[in-house]
Amino acid sequence: MSAAPLPPDPASHTSSSVPMGTAEIEQKIPHRAPMLLLDEIVEISETAIHARKTFASDDFFVQGHFPGYPLVPGVIQCECCLQAGAILLSEQTPDVGEFVPVATRMDSVKFKNMVRPGDTVDIHVTLKERLSNAYFLTGKMLLNGKTTMRLDFACSITNPRDTEEGSGGDAS
């Protein structure tokens, strides 16, 4: 199977109208509170997206995660990148809402700095390659310009109505 060509260099294209808030984000992906982990889209092109998230002390995932010194769990940081990637891919998939990206792999996950309630992070995801309905991306999260985590991940595009109930999978 040969790789489908990527869209042209994003530097040659202008970004879509931004910023994009919660209402627009909810039109692009199926996630809703409390699992919607993006506050705004700052910039988006055909192959890259920049999003932001401010974590709160009452977010469910920090309750009991290191009491007295709450931290945003690494899996939540990964999910932020997956959701940003889903929005990026929604721009390339037909019938937004009919097809959703489902996470199929995470590789080379590295955590470099802690993220705490009150922190606002910048999330950057870049589309690296497309093979049929599989997309390979790289994500990173920054806090005050310093990398807190990075990962490589893959998604496939699927119609959620075509899968059997209870078949598993992460619709990130």
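Visitor: How many helices and strands are there in the chain?
Guide: This is a predicted model. Along the sequence the elements follow the pattern α-β-β-α-β-β-β-β. The count for the chain is two helices and six strands.

Visitor: What share of the contacts with a separation of 6 or more comes from residues 24 or more positions apart?
Guide: The chain has 172 residues, of which 39% count as buried. Among its contacts with a separation of 6 or more, the share from residues 24 or more positions apart is 66%.

Visitor: What kind of aromatic pair do Phe55 and Phe61 form?
Guide: The structure holds two aromatic pairs. In the pair of Phe55 and Phe61, the ring centres are 6.0 Å apart and the planes stand at 85°. An angle over 60 degrees counts as edge-to-face. The pair of Phe55 and Phe61 is therefore edge-to-face.

Visitor: Are Phe55 and Phe61 buried or exposed?
Guide: Phe55 has a relative accessible area of 2%, and Phe61 has one of 8%. The cut-off for buried is under 20%. Phe55 and Phe61 are therefore buried.

Visitor: Which residues form the aromatic cluster?
Guide: Phe61 pairs edge-to-face with Phe55. Phe60 and Phe61 also form an edge-to-face pair, 5.1 Å centre to centre with 75° between the planes. Phe60 counts as partly exposed, at 43% relative accessibility. The one cluster consists of Phe55, Phe60 and Phe61.

Visitor: Which residue lies over the face of Tyr69?
Guide: The distance to the ring centre of Tyr69 is 3.8 Å, and the cut-off for a charge over a ring is within 6 Å of the centre. The residue over the face of Tyr69 is Arg116.

Visitor: How many disulfides does the structure hold?
Guide: A disulfide needs two cysteine sulfur atoms within 2.5 Å. The sulfur of Cys81 has its closest cysteine sulfur in Cys80, 6.9 Å away, which is too far for a bond. Cys80 and Cys81 are both buried, each at 0% relative accessibility. The number of disulfides is zero.

Visitor: Where does Pro34 lie, and is the peptide bond from Ala33 to Pro34 cis or trans?
Guide: Pro34 is in the loop between helix H1 (22-28) and strand S1 (40-44). Omega of the peptide bond from Ala33 to Pro34 is near 5°. The bond is cis.

Visitor: What is phi of Phe66?
Guide: Phe66 is part of the loop between strand S2 (48-54) and helix H2 (74-90). Its relative accessible area is 48%, so Phe66 is partly exposed. Phe66 is a residue other than glycine, yet phi is positive, near 70°.

Visitor: Is Asn144 buried or exposed?
Guide: Asn144 lies in the loop between strand S5 (134-143) and strand S6 (146-158). Asn144 is not a glycine, but its phi is positive, about 55°. The relative accessible area of Asn144 is 72%, and the cut-off for exposed is over 50%. Asn144 is therefore exposed.

Notes
Residues numbered from 1 in each chain as written. Predicted model: local features only at pLDDT ≥ 70, side-chain atom pairs only at ≥ 80, totals over all residues. Heavy atoms only, no water. Phe/Tyr/Trp six-rings, centres within 6.5 Å; stacked < 30°, edge-to-face > 60°. Buried < 20%, exposed > 50% of the residue type's maximum accessible area, 1.4 Å probe, protein only. Lys NZ or Arg CZ within 6 Å of the ring centre and 35° of its normal. Helix = DSSP H or I, 4+ residues; strand = E, 2+ residues; numbered from the N terminus. Contact = heavy atoms within 4.5 Å.
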